[in-house]
Amino acid sequence: MATIDTPVKTSGHDSETPRTRAPRARGGHRLWVKIVVTLLLVVEIYPLVWMFLSSLKSNDDYLNNSTWSLPTTWEWGNYTEAWTTGNIGLYVQNSLLAVVPALALMLLLGTAAGFALQIMVWKGRGLTLLVFLAGMMVPPQMILLPLFTVYFQTGLSGTLWPLILTYTGTGLPLTVFMMATYYRSVPRELFEAATIDGAGILRAFWTISVPLVRNALLTVGLVQFFFIWNDLLIALTFTNDQDLRTIQVGLLNFTGDFGATQYGPLFAAICINVFGTLLIYLFLNQKVMKGLTSGAVKG
């Protein structure tokens with residue numbers, strides 16, 4: 001006996017296909033991502049805004065008003081006082097004179113060591129790399145007193161050479177390890193072809209390897225620059241002269257007798273320090289990202 005099929009009624013919820021539900025799911029996911037990104041931006045940007053507004057306050061604002069209040073008078077002269085009376089200009093100059101030579105030596109020696117450990121073939125290179133890695137485990141606090149004695153006996157005290165040599169020595173193990181890691185992604189066929197064409201070790205290093213790892217050099221240099229620039233312990237230990245202090249040590253000068261602090265010039269000096277390094281990072285941001293990923297995958 002023949003029967004007639006009748007259509008089965010479905011609810012509105014069951015008639016919704018996966019294609020219609022997918023855009024809603026993606027839309028909700030994007031909303032949560034936007035909320036999280038917004039919160040992260042607030043967490044990152046708000047302290048910078050608060051620090052800048054604090055640099056424009058007077059001492060009366062700090063003593064009589066709330067910490068989160070806006071300046072009653074905009075004291076732009078705090079920057080002038082920080083630069084002249086606070087000698088921030090001199091401290092920035094000393095920091096550059098100590099950081100730039102140390103960074104140049106660190107990158108030169110670290111790149112050459114990474115090239116020798118990964119590209120060149122010689123007996124004992126694995127053990128040598130382990131020695132460099134062991135140097136990363138030595139706390140800087142343990143070597144300050146012996147280094148201070150050595151610098152004093154050799155007559156280097158009273159100059160910036162103790163800072164340059166100490167920064168180079170303490171940053172070299174990490175630099176060698178990172179550059180050796182980047183050299184692993186460089187194709188060995190390039191150096192084999194250069195050797196067949198008659199290129200020596202020095203020419204292969206300067207004309208082939210260095211251009212290939214320039215993004216890695218920039219990344220490692222920027223990371224080490226921030227480490228050295230923000231150092232306080234080493235600079236405070238080896239700078240016994242007021243005219244040789246770096247910017248991090250110079251910030252201590254804004255605390256006067258009996259703990260009296262000039263908050264306006266102090267925050268102005270901090271802004272000069274922080275925003276200067278922040279501009280450097282923002283300018284080199286894309287190069288840093290390329291350098292971070294260049295050694296991740298072996299070519």
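What percentage of the 299 residues of the protein chain count as buried? The share is 34%, where buried denotes under 20% relative accessible area, exposed over 50% and partly exposed in between (1.4 Å probe, protein chains only). The model is predicted, so local features need pLDDT of at least 70 and side-chain atom pairs count only at pLDDT 80 or more, while totals for chains, interfaces and linings use all residues. Residues are numbered from 1 along each chain as its sequence is written, and side-chain values use heavy atoms, with hydrogens and water left out.

**Figure 1. Overall fold of the protein chain.** The protein chain contains 14 helices and 0 strands; helices (H or I, at least four residues) and strands (E, at least two) are DSSP runs, numbered from the N terminus. Contacts are heavy atoms within 4.5 Å. Among contacts between residues at least 6 apart in sequence, 72% join residues at least 24 apart. The protein chain exposes about 18,700 Å², of which carbon and sulfur atoms supply 68%; accessible areas come from the Shrake-Rupley method with a 1.4 Å probe, and for residues only the protein chains shown count as cover.

**Figure 2. The largest nonpolar core.** This core has 58 residues, and those with the most contacts inside it are Ile88, Leu163, Tyr167, Met179 and Tyr183. Helix α4 (residues 88–118) gives the most to this core, with 12 residues. A nonpolar core is a set of buried Ala, Val, Leu, Ile, Met, Phe, Trp, Tyr and Cys residues joined through side-chain atoms within 4.5 Å. Beyond its neighbours within four places in sequence, Tyr167 is in contact with Ala98, Ala102, Met106, Ile228, Asp231, Ile234 and Ala235.

**Figure 3. Aromatic pairing around Tyr46 and Trp68.** The whole structure holds 14 aromatic pairs. Tyr46 and Trp68 form a stacked pair, at 6.4 Å centre to centre and 25 degrees between the planes. Tyr46 belongs to helix α1 (residues 18–54) and Trp68 to the loop between α2 (59–64) and α3 (77–84), 22 residues apart, and the pair thus links distant parts of the chain. Rings of Phe, Tyr and Trp (its six-membered ring) pair if their centres lie within 6.5 Å; planes under 30 degrees apart count as stacked, over 60 as edge-to-face and the rest as tilted. Tyr46 is partly exposed, with a relative accessible area of 44%, whereas Trp68 is exposed at 60%. Ring pairs link Tyr46, Trp50, Tyr62, Trp68, Tyr263 and Phe267 into a cluster. The charged end of Lys57 sits over the ring of Tyr62, 5.7 Å from its centre (the criterion is NZ of Lys or CZ of Arg within 6 Å of the ring centre and within 35 degrees of the ring normal).

Figure 4. Gln118 lies in helix α4 and is buried at 13% relative accessibility. Not counting residues up to four places away in sequence, Gln118 touches Arg125, Leu129, Ala180, Tyr183, Arg184 and Arg188. Ser209 is placed in helix α9 (residues 201–212) and is buried, with a relative accessible area of 0%. With the exclusion of residues up to four places away in sequence, Ser209 touches Phe115, Tyr183, Phe191 and Ala204.

**Figure 5. Helix α10.** The end C-alpha atoms of α10 (residues 214–229) are 22 Å apart, which agrees with the 22 Å that its 16 residues should span at 1.5 Å a residue; the expected span is 1.5 Å times one less than the number of residues. Buried residues in α10 include Ala216, Leu217, Phe225, Ile228 and Trp229.
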